[in-house]
Amino acid sequence: MKSLILLWIGCSCMIATLHAQPWQKMKADFQQMPTEHRPVPLWFWNNTEVMPMEIKKQMAQLQQAGYGGVSILPFGKDFKPKYLSEAYFEAYRVCLEEAKKLGMRVHIYDEYGFPSGTAGDINGDGVGRFKQRYPHLTNKRLDKTEIMVEKPGRFTATISRANLIGVVALDTLDHRRIDLSKLLKGEKIQWNAPQGAWKVMAFYCNDAGNSIVDYLDPEAASLYIEMTHEAYQKRFSDYFGNVVEGTFFDEPTMYYAEGRTWTPAFNEKFQKKYGFNPLLLYPALWYDIGPETVEARNYLFGFRAELFAEGYIRQVDEWSRKHGVYATGHLDNEEILNAVGTSGDFMKAFKYLEAPGIDKIGGQRPAERFYKLISSAAYNWDKYLVMSETFGDMGNISWDELFRISIDQYSKGINTLIPHAAWYNDQKVTFLPELSLRNPLYADSLRTFTDYLTRLNVLLKNDARWLGDIAVLYPIASMQGDHYFDGPLDYYKGGVELPYLDYTDLSVHLFDSLGFDHMYLHPEVLDAQCKVKDGQLSLHNKRQHNNFKVIVVPASRSLSLRNIEKIDAFAAAGGTVLFTTQLPAQATRREDDEKLRNILKGMLKRNNVHFLEKPTVRNLQAALQQVKTPFLLQFKQHPIPIIQKELAGKRILFFGNSSSDEKRSSFVLDGHFDLACWDPHTGEMESERAIIKREGSGTAVTVRLAPFKSLFLIER
């Protein structure tokens, strides 16, 4: 017995020591702000010839400004030395050697200009090096031709075989579809058309006419990586994993090819996964084909999104990890509410990326409504790094605005901010601001700002897990079911607007107005990684595990049967479910429609299931007040942006005032906590910035924050 007691004491001491170690390091890092946590800006080598002495001079200035490294972005037609030439790599070597000497880090930007995938064509020198070498592996577009069948009986037509996928006859009255591909002899097709109003549709996968890599094709992506990433690793392998810390891709998207990005192997890969040829589903990409429309579109758009995630993005991530670095990057036009035409599936695009990212730039693009989506994508697939490329094309914004944006981002889960940008040639700045000591607007306080970001990184860019009570289902199934090609909007804007979508409005109401943090759950994560346990929905991840008390199902016209079954089980166990604006009426598989409607009908009879036809702030608040178990954190007055995390069993809270008015806010934590105030603006670690006291079974916190100020509460 005595030996068992000693063993228990020894194990307890070991666990306590292991838990103390990361906190001791974090405390030291918060005060000392080591280079490893300092922000790494984009450094534009822009429209000029870079020279060794100037490279060294500017890197010393960037270090003096508080940056921890650089992400070099060759840019503009006048950039020299020639991209990917030996002279170019010699200039790069100067940077790597200087970074090693200064203790700085380098991120390899994988393009000349942007978007990633041309090796110089767009925003570079206009030379599409990838297309020159691999013209057959560039971006492809799905096209169709149509021929109306004038009357029943013998039908003859000429069909080009060049890049042909197949031929389908569609009856526009009853939506029958017939595969006519085998009737094609040479370029002639003959068919005995039955009664009906038929059109014959020929589908083609054509070259899109640009120089961008086929993002959906892993082979094309691997060859692009060989041209770019491999060229650096081949020459600088000794720097990888120490000086070279990461890779960065920029703005891949599916709105190219007139919004109809496709790939030649689509049908072959689809059949391998699902066991049937999808050709008869193709008309649904443009038209309503009756009761099968939602199912067909979810199959096709869902698989296209999967190929997008597994193509270029996954290949970059796997290559990076293989060579001892991490990969990050972001898509283009992330702020489109219906993401099917631009990102495919905005969350799933980052399933295989170590550090999912987003871009906060000027031009009235509301990226702040999507920060929670990108951080949720990281949590869904068990990542902890969440990147934002920030401030580009915003002009010479004020310090208040710089701090406001930063507070907003970090409170919504961003934990790696890449400032945009420092410019080699500060006389040819294309996208202000120029965030270096050479800009007199920022020179006096830039170090103060980078110190601030560093302290945020120390406490939030770590292996901590996110904490929250509310899950919001990402309505991608409904988006896919209602999307179609060649919609009324410009393809750059997504093609098809779905006015009923409310998922980002709900996020703003919950977080900004009511102070309820939340995680978006992807439908496949809800199916595969969540279980109902003890009246809660448990997300089973190794790092980002969590228990939810509430599921919100945003406006959706379609939902998978497996999703509604899981949500029903959660409601039956006592969990709270909120449906908003639009109830789903169809399943993602036609055969499940009736089952879905019956389950939903039964759910709505429960007093813990609510349909908020108008999900206003007041209606959401009233519904959440009916939840019986206490929330981890609940505001009593004046909600402010706040995020909770847990590391080694201890709580980390970050919150801030991103407004121009002083804020006095109060909230209650479920449980008793001994909390210290850590000030990220000054580094002070025991400041009296909050009133903290026990209140029943909880801990009450009252805090007063000046404009554009923030604070950490750290469990002792």
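**View 1. An aromatic cluster in the predicted model.** Trp43, Trp45, Phe79, Tyr83, Tyr88, Phe89, Tyr92, Tyr112, Tyr232, Phe236, Tyr239 and Tyr424 form one aromatic cluster. Rings of Phe, Tyr and Trp (its six-membered ring) pair if their centres lie within 6.5 Å; planes under 30 degrees apart are stacked, over 60 edge-to-face and the rest tilted. The model is predicted: local features need pLDDT of at least 70 and side-chain atom pairs pLDDT 80 or more, whereas totals for chains, interfaces and linings use all residues. Residues are numbered from 1 along each chain as its sequence is written, and side-chain values use heavy atoms, without hydrogens and water.

**View 2. The aromatic pair Phe301 and Phe485**. The structure holds 68 aromatic pairs. In this one, the ring centres are 5.4 Å apart and the planes stand at 85°, so the pair is edge-to-face. Both Phe301 and Phe485 are buried (under 20% relative accessible area, 1.4 Å probe, protein chains only).

**View 3. The aromatic pair Phe635 and Phe667**. This edge-to-face pair has 5.5 Å between centres and 65° between planes. Phe635 is buried at 12% relative accessible area, and Phe667 is buried at 0%.

**View 4. The surroundings of Asn457**. Asn457 is buried, at 3% relative accessibility. Leaving aside residues up to four places away in sequence, Asn457 touches His37, Arg38, Pro39, Tyr410, Asn415 and Thr416 (heavy atoms within 4.5 Å). The C-alpha atoms of Asn457 and Phe30 are 9.0 Å apart, although 427 residues separate the two in sequence.

How values were computed:
Buried means under 20% relative accessible area, exposed over 50%, partly exposed in between (1.4 Å probe, protein chains only).
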